[in-house]
Structures are given as structure tokens and as C-alpha cells.
Amino acid sequence: NDPYRPEVEHLGLPACSPFTTIPSALIFPESNWAWYEVGTEWSAHIGLAYLLEKHGIDVDCYTPAAFTELWEEVYNAKYSTLAVRADKSLERRINVIKVWLSTELLSLEHVLVKRW
């Protein structure tokens, strides 16, 4: 109940500042956290901006449309990820594999499609 205890300092307390958890033996990846007052509007865009800034990327260099497109591909469509490299820089990984499986079923050609 005491936010000034030294044991909770790594959780961004008492200042309620954003913090990052350290990855653990490839089981738990690095994660970024932020405190928000209940009822405060929060956007995943804020989280993405924090992640980019934490790794030395100036988000003001992005146009609003480009930033929204990056957010869309990473958080919504999930066809790319942002990974922290060993040198603490960010790496954007994009899935580019496309599988086209077709067969003839009941005398009609069918194509197998993965639904997102």
C-alpha cells in the first residue's frame, strides 16, 4: 500500500512513470508499461510512440498517416512485429509468406484461404 517502498520503484512508483520489464531467458520478452488514472483515455498509439522514443526513434518525423499505418500493421493486422535486438535497437519484422493451396472438390476448384 506504500508506493514509496524501494521494492516497487522498478514498477515506476511513486511517480507513476512508464517502465520496462527486462526479458527473462527468452521466455518473457521485454515489455513496456505505463500508469494511467482510471477513466483516462488511453490509446495504443501512445504505447507505440513510447516504444519508438525509448529506442531513439523520433516519432515527430512520421506523418500522422505513416504513424497510423505502422500502428495498423503491428497492432491490428499483425503482419509485422517490432522486436528489440541484442544491441537494444528495434527491428521491424514483416511476414511475407503467402501460401496458395488449391484443390478440386466435388468437381469444382477450391482455394484454401486463411481468415484473419
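Which helix gives the most to the lining of the largest pocket? I looked it up: helix 1 does, with 6 residues. Helices here are DSSP runs of H or I with at least four residues, strands are E runs of at least two, and both are numbered from the N terminus.

Ground rules, for the record. This is a predicted model, where local features need pLDDT of at least 70 and side-chain atom pairs count only at pLDDT 80 or more, while totals for chains, interfaces and linings use all residues. Residues are numbered from 1 along each chain as its sequence is written, and side-chain values use heavy atoms, with hydrogens and water left out.

**Entry: the pocket.** I noted a volume of about 820 Å³ for the largest pocket. A pocket is an open set of points on a 1 Å grid over the protein atoms alone, where a 1.4 Å probe fits and protein lies on both sides within 12 Å along at least five of seven lines; lining residues have an atom within 4 Å of a point. Points are joined across faces, edges and corners, and the volume is the space filled by probe spheres set on them. I found 32 lining residues, with Glu30, Ser31, Asn32, Leu51 and Leu82 nearest the centre. Strand 2 (31–33), helix 1 (44–54), helix 2 (64–76) and strand 3 (80–84) each bring at least two residues to the lining. By class I got 23 nonpolar, 5 polar and 4 charged; Ala, Val, Leu, Ile, Met, Phe, Trp, Tyr, Cys and Pro count as nonpolar, Asp, Glu, Lys and Arg as charged, and the others, Gly among them, as polar.

**Entry: the core.** The largest nonpolar core has 11 residues, including Leu51, Val59, Phe67 and Trp71. Helix 1 gives the most to this core, with 5 residues. Such a core joins buried Ala, Val, Leu, Ile, Met, Phe, Trp, Tyr and Cys residues through side-chain atoms within 4.5 Å. Beyond four places in sequence, I saw Val59 touching Ala49, Leu52, Glu53 and Phe67 (contact means heavy atoms within 4.5 Å).

**Entry: Tyr50.** Leaving aside neighbours within four places, Tyr50 contacts Pro18, Phe19, Thr20 and Asn32.

Definitions and conventions:
Buried means under 20% relative accessible area, exposed over 50%, partly exposed in between (1.4 Å probe, protein chains only).
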